[in-house]
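Student: I have the sequence and the structure to hand; could we go through them together, one topic at a time?

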Amino acid sequence: MAKDIIKVKNLEVWFSVRRGFVESLTSKVQLYVKAVDGITFDIKEREIFCLVGESGCGKTTTGKAILRLVEPTGGSVKYGGGGLTPAMMKDAAMRTVSKKFLSKAEAEADLAANRVDVRRISKDKMKMLRQRMQMIFQDPYESLNPKQSIYDIVAEPLVVNSLGKNEADRERRVIKALEDAGLRPPKDFMWRYPHEVSGGQRQRVGIAGALVLEPQFLVADEPVSMLDVSIRSEILKLMLDLRDNKGLTYLFITHDLGVAYVFSDRIGIMYLGKIVELGPTEEVIKGPRHPYTKALISVVPKPDPRMKTDKIILKGERPDPAHIPPGCRFHPRCPSAMEICSQKEPEPMYVSQEHWVSCWLEAGEAKK
Amino acid sequence: MLLEVEDLKTYFKTQEGTLKAVDGISFKLDKGQAMGLAGESGCGKTTAALSIMKLLPANGFIAGGSINFMGQDMAKVTGDRLRAIRWRDISIIFQGAMNALNPVKRVGDQITEPILLHEKVDEAVAMKRVKELFELVGINPNRVREYPHEFSGGMRQRVMIAMALACRPKLVLCDEPTTALDVMIQAQILQLLKNLQQELDLAMIIISHDLSVLAETCDQLAIMYAGKIVERSTAIGVFSNPQHPYTKGLIAAFPNIKGERKMPASIAGNPPNLIHAPPGCRFNPRCYAAQDICKAEEPPLIEVLPGHFAACHFVKGMR
């Protein structure tokens, strides 16, 4: 059994809604946009875990919160991969205990399991830890600085983290990263600028920028959605190769169920800040249990006009995450909502060993 | 025949030379028909649509061919006559429509603008039409006085569709109508477009890089590569019996959620530079079946099956 490299527990990211001066005087309740509202999952070593959902469901915020690119407001994220120094472990454990976030026993359990709580680690240690946890961004057209050469873009993480003994060592690392990202021969690409290479190659530059720090865990935020369909699978194959050869683990964020289906090992369906269904990819796609998952799968366009399927098209759009509906947050749009759905929030219920769903339809007592 | 495009060539003048974005494409479109134009980015599909609307940027020009729309050659029409046709008979739904609306003008006023320009009606009549249009595309008619920022992405796209339909056009060009939208909203918009097409007997050209979107909405399908149409047939014909290696590659590149779980194939390489297009068949540097003849001679678009055309040296013509 592979060990868990990431353990996310009750992760919350709330953003406070800014109020005007007068509004704050009239002492209205502070509103929060609950972008991520208590989600729990773990990612095993060498696994591709995929978060799927509509835009605004909190999937990107989750990815960023795991790397602490946005500060989580609640819950914990534990990292148990390689590259942890004893000092880092101790620092994290001491802080959690001293601040009473965890009991001493729990902190010691973490220490024994070689895990650190990403949320409780100090800023400078976080910088070191982030060398092991990197992110690939969505838009290769916007995320690369047009005034930097590809060499400078890929070398920047090394400079920021003061890694590499000298320029020659840095160059060696950059060449290796470019080669690993499939930009071969690296010398042909190094001194070019982003506008001189194609979209697929640009995304490879983004991947090289993440690889240069030799990470263990990558958050890939829609890495192929801006690319032409004809080159998407090349990038996906590259990511698979990297997993096989370097033992990488991915959190893959996408809105495209088709890509998630062919690429990921396990899949979590997110709706309005919560995971509503989670399980092995094949099981979730072929046998969805949550009405939202069913609807999402039914509307994926099929690349064949002979395949006419019944679509479950949900009415309206997702509610505002500052005003989350009571009970099950999906009930206002759910085609099979019952009375209980608007009153009580369903707990995760396991339908097979690794597949759970949060829906009252699955609860025996809810069925009348 | 509503629209007949014959050997259309649209070029751009650039510093490095003439860019042949559209290089001799022909197709026909009947009243009430929906045609899909598919291809990778930079293959000239948007340029083809802009040529029909005569909305080319300053350095673009129609270098040859004809666009016969309702008895007149759009390639030659200019000035007031062109303005009279534009938006009244042909309208367009732009790519990234969410950003195509004027942010400081109420949506209702933005839609009445073309109605007031093209028809001799007063504002009250025009506003009444806008409310009907809103109803048609599924927006609450009371929202005509709101500003674009008050609408969500999907709703803004509906506003754009209402705007395109304002003067009851015969032909609507849709440039990537759902690309920036979520799957659920995409499904809503595609269903709306299909319903409108049937209800209003509209002719539509839908441009997309996403073959699966076109598979769901179009009767006819044309696959473009590097400024040329390489295959053209009914949507079912193209998907059930693709002839051109590029079409086969494109279809194989789609993950099919209903099918087997396997990584889709990709097409190696990049589309060519259209200033110096490769000689012979333009697809030959990326083609798995390329032979010497492909580098030397350009294959013509021939009829392979009734109504099914392909441009490849290795397909057999009907006779």
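**Strands, then the interface**

Tutor: Strand β1 (residues 4-16) of chain A and strand β4 (residues 74-79) of chain A run antiparallel and are joined by five bridges, where strands are DSSP runs of E of at least two residues, helices are runs of H or I of at least four, both numbered from the N terminus, and strands pair if DSSP finds at least two bridges between them. This is a predicted model, in which local features need pLDDT of at least 70 and side-chain atom pairs count only at pLDDT 80 or more, while totals for chains, interfaces and linings use all residues. Residues are numbered from 1 along each chain as its sequence is written, with chains lettered from A and ligands numbered from 1 in the order in which they are written.

Student: Which residue is the bridge partner of E12(A) in β4(A)?

Tutor: E12(A) is partnered by G74(A).

Student: And what order do the strands of that open sheet have?

Tutor: The order of its four strands is β2-β1-β4-β5 in chain A, with antiparallel pairing, and β2 (32-44) and β5 (116-117) are the edge strands, each pairing on one side only.

Student: Switching to the interface, how many residues of chain A are in contact with chain B?

Tutor: There are 35 in chain A, in contact with 39 residues of chain B, contact being C-beta atoms, placed from the backbone, within 7 Å.

Student: Which element gives the largest share of chain A's side?

Tutor: That is α10(A), with eight residues.

Methods. Contact = placed C-beta atoms within 7 Å.
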